[in-house]
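Work through the exercises below with the sequence and the model open. Try each task before reading its solution.

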Amino acid sequence: MAYDVDTWLVAMLLTKCLSYICFVSLAGGIYALGLDNFVAKRHSDFAALQSLFPFKLFLFVLACFGLLLSAAALLLQVGAINQNGVRGMFDWLMVQLLAQSNIGGGNGLRALAFVLLGVVSLSPATNKRALGFPRISTALYLLGLLCFASSFAYLGHVATQSSLARVAIVLHIGAVGLWLGALLPLWILCWRQEAGYLLPLMRAFGDYGWWIIATLVLAGGYLVTVLITSPSHLFSSLYGLMLGTKLLLVMCLLALAASNKFILVKRLNEGRVLGLRRSIGVEMILALIIMLVTAALTTFTGPMEMAA
């Protein structure tokens, strides 16, 4: 069976997007579990914790899948170079060569991140007898975030940019993981728990969330100024249009986040959960679209297109 370049690019796109989803879900899911434990220490009648307990197995499965995707990403690059079908993916000489390049370094960091986050997802400190993550789990978690976020300095469009731009992408990706990944467990809780049990966790998420969102916006805003040298580029190239679409979607997410914090979370005092559940559901859909656009940005186009 023949494989053309477009087929390989589509395969790379899907692999990247699924990898992003796995990372975000792991980063935010573990963060939500830790926050849940933190809140439980201060509310003896807080019962949301038990409903999240089966979520650990789901996170571990995602970590295993993410590890496989990291290996697949490298093999797909080899296949795209060889243009010899599936067999071309297993050219071990080419695999070794790419493993020593930025492609290998970036995917290696992602693989390590999934291993670390998978270990943390199995931490026993996610039940009522062991509240809060132990220090070793916290250290491994932060290291996992750092590894995956740093991979963008190898594989993304900032690979050739300044050190400050690389630091910005690490902060941006880390913040994305914490914020967007926590949406799924919060959405699950909106189905499983009554408003009274949700309120302490949602308030805590909102309080810490603004620091996370501020980091995301500031780092992301700086990266836009680095990658887009003129506002006209947002409308004169495919890269600019896709980046502009991503920015618009992020603005919609920020609007929903503000609505959640200042309106819908307060309605939990009245026992009204439906509005918050729907809003978080819409946020998750937007997050998925953003990750797909991000994968497309780094697969089909790049800032160099604007200089053409």
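Buried means under 20% relative accessible area, exposed means over 50%, and partly exposed lies in between (1.4 Å probe, protein chains only). This is a predicted model: local features need pLDDT of at least 70, side-chain atom pairs count only at pLDDT 80 or more, and totals for chains, interfaces and linings use all residues. Residues are numbered from 1 along each chain as its sequence is written, and side-chain values use heavy atoms, with hydrogens and water left out.

**Exercise 1. Salt bridges**

Task: find how many salt bridges the whole structure holds, and classify the partners by accessibility.

Solution. 
- Step 1. Side chains of opposite charge can pair when their charged atoms come close.
- Step 2. Search the whole structure. The search gives 2 salt bridges.
- Step 3. Take Asp-207 and Lys-261. Their closest N and O atoms are 3.4 Å apart. Asp-207 lies in helix H9 (residues 195–227) and Lys-261 in helix H11, so this pair ties together parts 54 residues apart in sequence. Helices here are DSSP runs (H or I, at least four residues), numbered from the N terminus.
- Step 4. Check accessibility. Asp-207 is partly exposed at 47%. Lys-261 is partly exposed at 23%.
- Step 5. Take Glu-270 and Arg-272. Their side chains form a salt bridge at 2.8 Å, N to O. Glu-270 is exposed, because its relative accessible area is 54%. Arg-272 has 43%, so it is partly exposed.

**Exercise 2. Asn-260**

Task: is Asn-260 buried or exposed? Which side chain does its own side chain meet in a polar contact?

Solution. 
- Step 1. Locate Asn-260: helix H11 (residues 238–264).
- Step 2. Read its relative accessible area. The value is 8%, so Asn-260 is buried.
- Step 3. List its contacts (heavy atoms within 4.5 Å). Leaving aside neighbours within four places in sequence, Asn-260 touches Val-265, Leu-276, Ser-279, Ile-280 and Glu-283.
- Step 4. Pick out the polar contact. The Asn-260 side chain meets the Glu-283 side chain at 2.5 Å. A polar contact is a pair of N or O atoms within 3.5 Å; within protein, one must be able to donate a hydrogen and the other to accept it, and residues adjacent in sequence count only if both atoms are side-chain atoms.

**Exercise 3. Leu-112**

Task: where does Leu-112 lie?

Solution. 
- Step 1. Leu-112 lies in helix H5.
- Step 2. Its relative accessibility is 39%, so Leu-112 is partly exposed.

Methods: Helix = DSSP H or I, 4+ residues; strand = E, 2+ residues; numbered from the N terminus. Salt bridge = Lys/Arg side-chain N within 4 Å of Asp/Glu carboxyl O.
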